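Hi,

Here is the structure I promised to pass on. Have a look at it first, and my notes follow below.

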Amino acid sequence: MGGELLPPGEAGPDDVVLAWEGVDVVAVRLPQLAESLDHILAALERREGRPLAELDRKAKQEVVRTLEARGAFAVRHGVETVAGALGVSRFTIYNYLNREKGR
């Protein structure tokens, strides 16, 4: 996901501090969710071996299912980001999502 390890003393309010036997050992700074979505899209593109926009409709629907399972649409502008990566409209993404809910 692209997290960063920090000394516990440098942890900010949004960082996760991990402790071992009551002693703070390391802090983890997680990327913003929008950055994680970009990482997930890039990984899916590598898995498919070509740009996501070149996939057929069935493969794009599978990508949307995978992204929904990973919480991609809970991210602000997630639908727009995914639509751009797949080369479809936001309306199409919503149709794919609604189709899944109907099953």
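Leu18 has Val26 in E3 as its bridge partner. The two strands involved, E2 and E3 (residues 23–29), run antiparallel and pair over 5 bridges; strands count as paired if DSSP finds at least two bridges between them. Strands (E, at least two residues) and helices (H or I, at least four) are DSSP runs, numbered from the N terminus.

Before I go on: this is a predicted model, where local features need pLDDT of at least 70 and side-chain atom pairs count only at pLDDT 80 or more, while totals for chains, interfaces and linings use all residues. Residues are numbered from 1 along each chain as its sequence is written, and side-chain values use heavy atoms, with hydrogens and water left out.

Back to the sheet. It is open, with 3 strands in the order E1-E3-E2 and antiparallel pairing. Strand E1 (4–6) and strand E2 (16–20) are the edges, each pairing on one side only.

Leaving aside residues up to four places away in sequence, Leu86 touches Leu52, Ala53, Lys60, Val63, Val64 and Ile93; contact means heavy atoms within 4.5 Å.

Now the charged side chains. There are 4 salt bridges in the structure, each a side-chain nitrogen of Lys or Arg within 4 Å of a carboxyl oxygen of Asp or Glu. One of them joins Asp15 and Arg29 at 2.8 Å, N to O. That pair links distant parts of the chain, with Asp15 in the loop between E1 and E2 and Arg29 in strand E3, 14 residues apart. Asp15 counts as buried at 14% relative accessibility, whereas Arg29 is partly exposed at 32%. (Buried is under 20% relative accessible area, exposed over 50%, partly exposed in between, with a 1.4 Å probe and protein chains only.)

Another salt bridge is Arg90 with Glu80, the closest N and O atoms being 3.6 Å apart. Arg90 lies in helix H4 and Glu80 in helix H3, so the pair ties together parts 10 residues apart in sequence.

Cheers
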